Every structure is written in C-alpha cells, then in structure tokens.
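Open the model in your viewer and keep the selection tool at hand. The stops below go from whole chains down to single residues.

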2 protein chains.
Amino acid sequence: MKDVAALAGVSPKTVSNVINGFVHVTPATRDRVKDAIRHLGYRPNTSARNLRRGRTGMVGLIVPELDIPYFAELARCFLEAAAGRFTILIEQTLGEREREEAVLAALGGKVVDGIVLSPLTLRGTELMDRLAGTPVVLIGERPSGGLADHVAVDNIRAARDAVQHLIGLGRGRIAAVGVRSEPFVGTPLLRLTGYREALHAAGLPGDRGLECETPGYHRRHGADAMTALLDRGERPDAVFCFNDALALGVLRVLHERGLRVPEDIAVIGFDDVDEGRFSVPSLSSVSPDKTAVAERALALLQERIETPSAPVREIVIGHRLRVRESTGVREGTGTGGGTP
Amino acid sequence: MKDVAALAGVSPKTVSNVINGFVHVTPATRDRVKDAIRHLGYRPNTSARNLRRGRTGMVGLIVPELDIPYFAELARCFLEAAAGRFTILIEQTLGEREREEAVLAALGGKVVDGIVLSPLTLRGTELMDRLAGTPVVLIGERPSGGLADHVAVDNIRAARDAVQHLIGLGRGRIAAVGVRSEPFVGTPLLRLTGYREALHAAGLPGDRGLECETPGYHRRHGADAMTALLDRGERPDAVFCFNDALALGVLRVLHERGLRVPEDIAVIGFDDVDEGRFSVPSLSSVSPDKTAVAERALALLQERIETPSAPVREIVIGHRLRVRESTGVREGTGTGGGTP
C-alpha cells in the first residue's frame with residue numbers, strides 16, 4: 001500500500017480511502033490511485049468493510065467427504081445462502097482425526113471469520129479446545145453437551161419416519177445399512193435408534209442380523225453390505241439405508257441378483273440427493289431441508305461472530321419423505337412439470 | 001504474540017522460537033510459553049516453516065460446481081495429492097463471471113500461495129490480469145495463448161475415441177449431448193470437435209439435428225435434451241454425452257420411454273465418475289486420469305511458486321475408455337474382485 005501511495009503521490013490514508021470507497025477523495029486523485037493499484041498489481045485481500053472491522057469475509061465449511069453427494073449438494077446450498085455476505089472456503093476432513101485437526105489449525109486465526117463444521121472425530125470439549133475461540137456452528141452430528149450452536153434434522157425421528165413408511169407397505173423384515181459400531185456415536189447411531197424405535201413401535205422383532213455395518217458411506221459400501229447380507233442367506237423384504245449413496249449401491253446389487261425393487265425388496269435412503277431422482281428405479285428418501293440447514297447455520301454463525309457470548313442454540317431442521325419408485329411409486333424425471 | 005511474550009515473561013523472539021520448534025529454548029521456557037499460548041488462545045495461523053518463508057501453505061482449488069460429480073471426485077484427488085504439502089481450500093464459481101472474479105479477489109493476496117483454476121468465463125489476458133501475479137495452474141479449459149501452466153486431457157482425441165467406440169458397435173446415427181453455443185469455446189467445443197472428426201473419419205454424414213445443446217451439465221440437462229430429441233421424432237442409435245451427469249439423465253429418460261440400452265440406443269459419457277459404475281445399466285465412459293490431473297497440477301504449481309519466471313508448460317493427461325453395460329458389456333459392481 002505504501003508503494004501505491006508513493007507512485008500515486010498521495011498518503012497511504014488516501015489509498016485506504018479510495019479502496020474503502022469513501023467519497024471525500026477527488027475523482028482525479030481516485031483515478032491516480034486506481035492507476036497505481038493496477039500498475040503495481042496491488043490487491044487489498046479483503047473487502048473494505050471487512051478490513052475496517054478486522055474481518056476477512058470468509059467462512060470455512062468443513063465437511064467429511066465432498067464425493068458423498070449430500071455434502072456436495074450442501075456445499076452448493078451454503079454458496080447460495082452466503083451470496084453477498086461471505087466467501088465460503090470448503091475443506092474436507094475424510095472423517096480422519098488428524099486431518100480434522102489440521103484443517104481447524106489452518107483455517108483458524110486470521111483466515112476465516114468463522115467455521116461451519118460437520119465433525120466426525122473431534123467431540124465436546126476437545127473440539128472446542130481446537131477451535132480456540134473461532135466462532136463455530138456445528139451441523140450434522142450432535143455435539144456433546146451443547147457447547148456450540150448446532151443445526152441438524154431430528155435424525156431419530158427422520159429415521160423412524162422412513163422405517164414406518166416401509167412398515168406401512170406391509171414389510172416386516174427390514175434391514176438397516178450403514179451401522180457404525182466404532183465409534184458408536186453420532187448420526188449413524190441416531191438413525192439406528194430411529195430404525196429400532198420404529199420396529200419396536202410396530203411390534204416387530206428386531207433382528208441384529210439385519211443391522212449391517214459399513215466402513216464408509218459410499219455406493220461401494222452399500223453394495224458390499226447388501227452382497228454380504230444376501231450371501232449369508234438373509235432375505236429382507238425392505239432396506240433402510242443411512243444415506244442415499246449406500247442405497248444406490250444396494251439398488252445395483254439387487255439388480256444384479258435379479259431381485260425386483262420394490263416388489264421383492266423395497267429400498268429407502270436418506271439425504272434426497274439429485275442422483276436418486278434419476279436412478280433406475282428412482283430412490284425414495286428422507287429429504288432434509290438442505291437450504292434451511294445452510295441458511296440457518298450461516299445466520300447463527302453471523303450472530304455468533306457479532307456476539308461471541310450469546311447463549312448456545314440448538315436448531316432442528318425439517319425433513320420430508322420423498323416417495324419414489326424404490327418403495328412403489330412410478331414416476332417421471334420431472335421434465336416438463338413432473339414429480340420430483 | 002506480544003501478549004503471549006508478556007504473560008510468559010519472555011521476548012517475542014522466544015515465543016517465535018517455540019512456535020517454530022527451534023531447539024535452543026529450555027524445556028521450562030518452552031512450557032511457560034506453551035501455557036501462555038493456551039491461556040490466551042493464541043494461534044499462529046500458519047505452520048512454522050511457511051511463516052519463515054512468507055507462505056500460508058494453502059492452495060485454492062477453484063472449480064465450477066461441486067455437485068457435478070466429476071469436480072467432487074477431482075477435489076478428493078487434490079486433497080490426496082496435496083497431503084502433507086498443502087491445505088486445499090475449495091471454491092465454486094458456478095461458471096458465473098462475477099463469482100469467478102470475486103473468488104480470485106478473495107483468495108489472492110495473502111490467503112493462498114497459489115491457485116488451481118478450472119476457468120469458465122475469464123480467459124487469456126483478462127484472467128491473468130485478475131490473478132495479478134498469484135501463481136496459477138489451469139485445469140480443464142484450454143487457456144488462450146499459453147499464458148499459464150495448463151493440465152488437461154486431450155479433449156478432442158478423447159471425444160473421438162468415445163465416438164469411434166460407438167461407430168465400432170455399428171452405430172451410425174450418433175447424437176451429441178452437451179453442446180454449448182454461447183460461449184462457443186472451451187471443453188464443450190473440443191468435445192464437439194472430436195465428435196465431428198470421428199463421424200467424418202468414418203465417412204458418416206454429420207447431422208446438426210443430433211447435436212443437442214444443454215444450458216448446463218447436470219442430470220436434468222441431459223434428461224431434458226434427450227426428451228426434446230425424442231419429442232422431435234429423432235431416433236438416434238447412440239448418444240455421446242459430454243459428461244457422465246448428462247448421460248445419467250439420458251439413461252433415465254430412455255428407461256421411461258421403454259427404449260433399451262444398449263440394444264436400441266447405446267450411451268457413453270465422459271469423466272468416469274463413481275455413479276456410472278453403479279447405475280442401471282452401468283455407464284461406459286471416457287476416463288481421464290483424475291489422480292494424474294491433481295498430482296501434475298500440484299507439482300507444476302509448486303514449481304511455479306518456487307520459480308515464478310519458469311517457462312509456461314502444457315501437460316496432457318492420459319485417458320482410457322471404460323466400456324460398461326450402456327455400450328454392451330454385462331458386468332458386476334466389482335464387489336469381490338469384479339470389473340470397474
């Protein structure tokens with residue numbers, strides 16, 4: 001900035017005034033400063049307003065894996081919700097503790113004004129310790145102990161709704177795909193709880209043999225789990241998958257095995273990603289209001305940045321059931337005024 | 001840092017030495033400084049090594065849309081290729097000029113050491129102007145005039161390979177889905193060129209009525225284009241889609257219309273995304289070596305950061321054809337040692 005001032009023959013304060021768009025600079029001076037800025041390739045690295053308030057205007061969005069479609073779609077919702085207010089910097093942790101710590105260390109401090117985090121390994125006080133005062137809103141997993149603002153669907157209820165839908169179709173041997181026993185916490189545990197509650201409420205016997213663990217949440221993990229289940233001789237009449245990617249892997253295996261969906265086995269997922277509207281058959285799913293997740297999370301974060309001492313809030317986001325072909329409804333792609 | 005020094009009763013230089021891990025600090029002093037850092041919540045915002053070199057250790061990866069699966073998978077490849085060297089900050093531009101400019105302005109300057117950019121609207125000198133000296137490597141689109149390092153597949157040849165594969169199946173009325181006429185540049189133009197070249201080389205008449213424009217590269221755009229084509233009474237015997245997302249939309253429409261793939265219409269995409277391995281039918285595709293894109297781009301960027309004046313380089317990445325059910329090969333999910 002000093003070089004710009006020297007070249008333009010003005011004070012650094014005047015350069016700052018031009019950058020900040022203050023009106024008490026003559027047009028001639030403004031032009032001279034702008035020419036000097038261009039000539040030197042000088043870039044103020046944040047907007048004027050943010051500079052004045054000691055902010056960067058950037059928010060970190062930290063998710064486990066962008067190639068799980070839910071997180072890619074969520075990232076777009078954040079981009080759209082942030083328009084004109086924040087620049088969203090996206091980071092992936094792959095659910096690995098070391099990477100989660102490294103990302104928090106890299107983004108903290110001076111880079112972002114705040115963080116929206118979908119945590120997988122860091123929890124409770126340990127997590128707050130790593131954040132060291134950076135304003136944060138948690139999404140997805142339920143944080144231990146209400147230490148930070150949190151935005152999420154009611155995972156237990158949403159899972160229960162999905163399984164009740166399957167029970168309503170007359171299905172009684174319902175498998176769950178996506179169980180995690182290590183660590184036995186977070187979203188998978190909540191969805192398993194909702195699954196068990198729905199079975200129990202309907203007087204159906206739970207069968208641990210139908211609760212399928214997966215080492216991850218990609219299509220291949222769903223395909224592997226379904227293959228293993230069928231190879232064990234199990235024949236469920238419905239499957240509740242803890243996300244859509246798992247369900248799409250399950251659909252592929254059922255197709256290869258010659259099992260009809262939904263006639264032989266009904267399948268429902270969770271996330272309502274775009275892919276499930278185009279798959280064959282199209283995929284029924286629990287649809288969390290992703291736009292609301294992004295909007296509410298950014299609103300909370302903005303408030304947290306302004307008022308660090310505000311009380312911690314817990315926001316529950318709505319969800320709906322999207323019933324498509326995989327649980328029985330024949331439909332089009334929505335091209336020309338259709339369904340999804 | 002001054003506060004930390006005061007609380008620990010040492011000089012700021014000593015604080016810096018502790019942060020940088022220098023050995024000539026006594027254990028007692030080190031502990032005192034670390035206690036003060038913890039107590040004050042002080043965070044040096046970059047690693048010690050980067051601090052010494054005036055770097056942040058962060059690289060911006062700027063892509064059009066993460067909910068186009070290719071870019072989400074590419075982002076993961078970058079994350080894996082960067083491990084231990086860079087922190088990757090991901091940005092989406094939605095292919096909008098204003099957002100492209102805003103992202104470059106936000107990331108430039110002090111935030112990142114360099115940028116990997118998949119540009120859509122900014123081109124040539126205009127683009128270099130906006131970058132204003134920030135080290136950059138371009139991926140995807142061919143930059144005008146060799147102004148920056150560039151890593152990409154040979155899009156013309158890859159498209160030609162895909163269409164030659166369809167011709168080899170005996171197909172002669174081959175549609176192209178994903179044409180852009182505005183702006184008539186970049187990757188879509190290269191893939192269209194390859195498509196036309198393959199038809200020409202085989203002595204097949206080109207038919208502009210089979211070249212389908214799409215306003216974007218999502219599944220719904222492929223579905224809409226295929227619907228419009230069929231509604232016009234066209235009946236191609238094969239379709240080459242400029243990306244897999246378009247092809248997955250096309251597959252859905254063909255299913256709804258009762259057209260058999262590949263018997264009635266063979267379909268091939270471009271990108272080889274995970275989704276196409278699990279779709280029904282599974283999707284044949286041109287597979288660019290995404291890992292190589294990420295590794296080569298980061299290697300070039302590293303060199304560009306070290307040596308800003310090095311000559312500009314153009315790297316061509318390899319590609320392969322992945323033949324699956326949508327052009328005739330029956331296969332499994334790869335579970336248990338299978339195909340993809």
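Select Arg173(B). This is a predicted model, and the tour begins at a side chain that is partly exposed, with a relative accessible area of 32%. Look at where each partner sits. Arg173(B) is in the loop between α8 (155-168) and β6 (174-179) of chain B, while Glu234(B) is in the loop between α10 (219-231) and β8 (238-241) of that chain, so the pair links distant parts, 61 residues apart. Is Glu234(B) buried or exposed? Glu234(B) is buried, because its relative accessible area is 18% and the cut-off for buried is under 20%.

**A second pair in chain B**

Select Asp149(B) and Arg304(B). Their closest N and O atoms are 2.9 Å apart, in a salt bridge. Asp149(B) lies in strand β5 (residues 149-153) and Arg304(B) in helix α13 (residues 290-306), so this pair ties together parts that are 155 residues apart in sequence. Asp149(B) is buried, and Arg304(B) is buried too.

**Zoom out to chain A**

Colour chain A by secondary structure. There are 13 helices and twelve strands. The chain has 340 residues, and 57% of them count as buried. Among contacts in chain A with a separation of 6 or more, 69% come from residues 24 or more positions apart.

**Show both chains**

How does chain A lie on chain B? A turn of 179° and a shift of 0.1 Å along the axis bring chain A onto chain B with an RMSD of 0.2 Å. The two copies are thus related as by a two-fold rotation axis. To find that axis from chain A, select Ile90(A). Its C-alpha is the one nearest the axis in chain A, at 2.4 Å.

**The interface**

Select the residues of each chain that touch the other.

**Salt bridges across the interface**

Between chain A and chain B the count is eight salt bridges. Over all chains the count comes to 52.

Pick Asp67(A) and Arg76(B). They form a salt bridge, with the closest N and O atoms 3.0 Å apart. The pair crosses between chains: Asp67(A) is in the loop between β1 (58-63) and α5 of chain A, and Arg76(B) is in helix α5 (residues 69-82) of chain B. Both residues are buried.

Next, select Arg219(A), Glu275(A), Asp272(B), Asp274(B), Arg277(B), Arg322(B) and Arg324(B) together. A network of salt bridges links them.

**Ala245(A)**

Select Ala245(A), in helix α11 (residues 244-256) of chain A. At 5% relative accessibility, Ala245(A) counts as buried. Leave aside the neighbours within four places in sequence. Ala245(A) is then in contact with Pro69(A), Tyr217(A), His218(A) and Arg219(A).

**Last stop: Asp113(A)**

Move to the loop between α6 and β3 (114-117) of chain A, where Asp113(A) is found. Asp113(A) is buried, with a relative accessible area of 10%. What lies 2.8 Å from a polar atom of the side chain of Asp113(A)? It is the backbone nitrogen of Thr56(A). Beyond four places in sequence, Asp113(A) is in contact with Arg55(A), Thr56(A), Gly57(A), Met58(A), Pro135(A) and Ile305(A).

Definitions and conventions
Residues are numbered from 1 along each chain as its sequence is written. Chains are lettered from A and ligands numbered from 1 in the order in which they are written. This is a predicted model: local features need pLDDT of at least 70, side-chain atom pairs count only at pLDDT 80 or more; totals for chains, interfaces and linings use all residues. Side-chain values use heavy atoms; hydrogens and water are left out. Copies are superposed by least squares on the C-alpha atoms of residues with pLDDT of at least 70 in both. Helices (H or I, at least four residues) and strands (E, at least two) are DSSP runs, numbered from the N terminus. Buried means under 20% relative accessible area, exposed over 50%, partly exposed in between (1.4 Å probe, protein chains only). Contact means heavy atoms within 4.5 Å. A salt bridge is a side-chain nitrogen of Lys or Arg within 4 Å of a carboxyl oxygen of Asp or Glu. A polar contact is a pair of N or O atoms within 3.5 Å; within protein, one must be able to donate a hydrogen and the other to accept it, and residues adjacent in sequence count only if both atoms are side-chain atoms.
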